[in-house]
Amino acid sequence: MTRPPDAASGTEWWRTAVIYQVYPRSFADGDGDGVGDLAGLLRRLPYIASLGVDGIWLTPFQPSPQVDQGYDVSDYCGVDPLFGTLAQFDDLLATAHTLGLRVILDVVPNHCSSEHPFFRTAVAAAPGSPERAMFHIEDGPGGALEGDPPNNWRSVFGGSAWSRIAPDSETDRQWYLHLFSPGQPDWNWRNPAVGEYFEGVLRFWFDRGVDGLRIDVAHALFKAEGLPDADRPEDVVDGLRSNPQVSDQEEVHAVYRRWRRLADSYSPARVLVGEVNLAPHRAARYTRPDEMHQAFAFTFATVGWDPAAWARIGTELDTARREHGAPPTWALENHDLVRTVTRFDDGGGRGVVRARAGLLALLGLPGGAYIYQGQEVDLPEVDVPAEARADPMWTRSGVSRDGARVPLPWTIAPAGSFGFSPTDDAVPWLPIPPGWGSMSVEARERDAASTLHLVRAALDLRRSLHEEGVLSPHDGGMWRAEDNGLLVCERSELFLVAVAMGDAPVRLPEGRIILASSALTTEGLLPPDAAAWVCRA
Ligand code: NOJ
C-alpha cells in the first residue's frame, strides 16, 4: 500500500501535522439520501488534499443507532450502511494514502450503544452475572428494589447518569451508568475483558492500515472505585471542573501505555490522539512519552477573543509541554463547539475577520493542529430550527450542538443542498441556510482573498519553513499579551505569531511579515482583528 512520505519532522510526523476533521454525515453525500457518506467523501478527497493538510480525522461511521450521531457504537469493526461499506472504507483509505493523506479514525471506548450485542446480552442476563460485569450495572443504595439510583452523577447531556436496566421489570431493579445519553452505556474498564475487547478493535483498524485513532472521552474510562457520589454532580466529566470521582483516574494510564506499545508495534507506528477534556497540567499527563501522542488542547478550543486568555492558556500548555515532552495539539473548532465566526463575534460584526485571524494564528503555533470542515470557508454557527435539531443534548438539556454540524455547501447554487447531495431535490439531514451559496467552496475558490486560499498559502509556507529549519517540531511557545491588545507567541528566535486583538492598529515586533490575515495599514501596522507570521531568519 502506498504511504504518505514522512514530513520534515521524520517519523514523528504527528508532531507538526495539520489534520482536517471530517464529520462524515455533513461533509458530502454520495448517494442522495441527504446524509454525507464515504462515497461522497471519496469524491471530495482531492479537495482536502488540495488544502495541503497532512491527513483527515473521521468521526464515527461505524454501525450505530445514531442516537448521538455515531458516538453510540453498536459494532466497532464495521461501517454503518448509512455511510457505506467496509470495501468503500478500504478504497477511501487507499485513495487517501495515494493523495498523501493520513487517516485517523474515532474510537469510542468509554461507552457503546445500548444496541451493542454485549449490552443486549447483559440486559438479558441475571444480576451479578459476568455479562453484566462488562458494564456498570448496579443496585440502588437501598437494595435492588429501592427507587434511588446508585449515586448522584449527572449525565453530560442532562438528567441522571443512571437508567433502569429493565424499566418494565418488577423484579430486576438494577441501574446502568451512562455518562452521556441512556443509549450510551458506559463500559466497566475495571473488568479486564473490556480492555481485551478493545485491543481487538484497535488491531482491526490498525491491520487495515489506518494511521491513527482519536480516543473519545479518553480521560473517563475508569471511574473511582466504588462509584462514590460526585462533589459537584452538575459538572460530571466534561470541562475543567470535572469531578475527581468520575474521571482522570490513575488506572487509565495503563490502558494508554498498552495501546502505545500496540501502536508502536506496527510499521509505520500508528498514532493516538486523545480527547482529554481536562486542565492542561492534567491533560498533558496523557501524552507522556509512553502514552498517547497527542491530546487536544481543550482550554484553547473554547477560548474567546481575549489576548490575556490566549496568553495564559498558551503559557500553561507550554509549561505542560516542557514537563511531559509532547507539543500541544491545537483546535479552535470541532463538531461539539460553537463555530468561531460566531464565538469571536461580540456583536460588532467582526466574527469572520477574527475567525480567519484565529485560524492563521493556529496554523503558526508550535505543535499539531486540527481544522474542522467548514472553518476554511468561514461557516458560522447556525440557529437550527428547533424541530430539525437532532442532538441528544438538545432534548435532555436544551443545548444543541447541531449549529456546528450543518452540511457543507459545495456550490453556489442550487439553494437547498448547495451541491452537498448529488441531486438537487435531496433534503440535507440538517437544513442549509438559504444564503450559504456565498460561503460555498465554489464561491471561496473564485475569491483569491478568501480564507480558503489563505489556508492553502499558510500550509504551503508552513511546510517550506519546516523544510528550511525555520520551524522545528521541538519549538516552544513564549506567550505574552501587550497592553495595546497585541498577542504574541514566540516559537523561537526565528519565528513568531502575532494577533492584534485590541481596537487600534499595532506595530509588530521586529522581523519580516511573511503572511497576514488582513492587509497592513499604510503605516505598516497590523489592523485590529488580524494575525501575522513574523520571520527573523
Ligand atoms: C465527544 C464527542 O466529540 C461528542 O460528539 C460526543 O457526544 C461525546 N464525546 C460522547 O461520545
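This is a predicted model: local features need pLDDT of at least 70, side-chain atom pairs count only at pLDDT 80 or more; totals for chains, interfaces and linings use all residues.
Visitor: How far is an oxygen atom of the ligand from an N or O atom in the side chain of Asp216?

Guide: Asp216 is one of the residues that come nearest to the ligand, in a list that also holds Asp68, His111, His335 and Asp336. A pair of N or O atoms within 3.5 Å counts as a polar contact. For Asp216, the distance from the N or O atom in its side chain to an oxygen atom of the ligand is 2.7 Å.

Visitor: How far from an oxygen atom of the ligand does a polar side-chain atom of Asp336 lie?

Guide: Asp336 is also named among the residues that come nearest to the ligand. Arg214 has a polar side-chain atom 3.2 Å from a ligand oxygen atom, while for the polar side-chain atom of Asp336 the distance is 2.5 Å.

Visitor: What share of the area that the ligand exposes when taken alone does the protein bury?

Guide: An oxygen atom of the ligand lies 3.2 Å from a polar atom in the side chain of Arg214. When the ligand is taken alone, the area it exposes is 290 Å², and the share of this that the protein buries is 98%.

Visitor: Which domains each give at least three residues to the shell around the ligand?

Guide: The domain assignment of the protein gives two stretches, 13-110 and 192-446, to domain 1, and residues 111-186 to domain 2. The C-alpha centres of these domains lie 28 Å apart, and 34 residues of domain 1 are in contact with 31 residues of domain 2. At least three residues of the ligand shell come from each of domain 1 and domain 2.

Visitor: Is Val455 buried or exposed?

Guide: Val455 lies in helix H13, which covers residues 451-468. Beyond its neighbours within four places in sequence, Val455 is in contact with several residues, among them Leu51, Leu359 and Ile371. Its relative accessible area is 2%, and since the cut-off for a buried residue is under 20%, Val455 counts as buried.

Visitor: To which backbone nitrogen does the side chain of Ser64 reach?

Guide: Ser64 lies in the loop between strand S2 and helix H2, and it is buried, with a relative accessible area of 11%. Not counting residues up to four places away in sequence, Ser64 touches residues including Gly70, Asp72 and Asp80. The backbone nitrogen that its side chain reaches, at 2.8 Å, belongs to Gln66.

Visitor: What is the phi of Asp378 near?

Guide: Asp378 is found in the loop between S11 and H11, and at 8% relative accessibility it counts as buried. Its phi is a positive value in a residue other than glycine, near 65°.

Visitor: What is the omega of the peptide bond from Ser267 to Pro268 near?

Guide: Pro268 is found in the loop between helix H5 and strand S8. The peptide bond from Ala413 to Pro414 is cis, with omega near 0°, and the bond from Ser267 to Pro268 is cis too, with omega near -5°.

Terms used:
Residues are numbered from 1 along each chain as its sequence is written. Side-chain values use heavy atoms; hydrogens and water are left out. Helices (H or I, at least four residues) and strands (E, at least two) are DSSP runs, numbered from the N terminus. Buried means under 20% relative accessible area, exposed over 50%, partly exposed in between (1.4 Å probe, protein chains only). Contact means heavy atoms within 4.5 Å. A residue is near a molecule or strand if one of its heavy atoms lies within 4 Å of it. A polar contact is a pair of N or O atoms within 3.5 Å; within protein, one must be able to donate a hydrogen and the other to accept it, and residues adjacent in sequence count only if both atoms are side-chain atoms. Accessible areas come from the Shrake-Rupley method with a 1.4 Å probe; for residues, only the protein chains shown count as cover. Domain bounds come from an automatic or database domain assignment.
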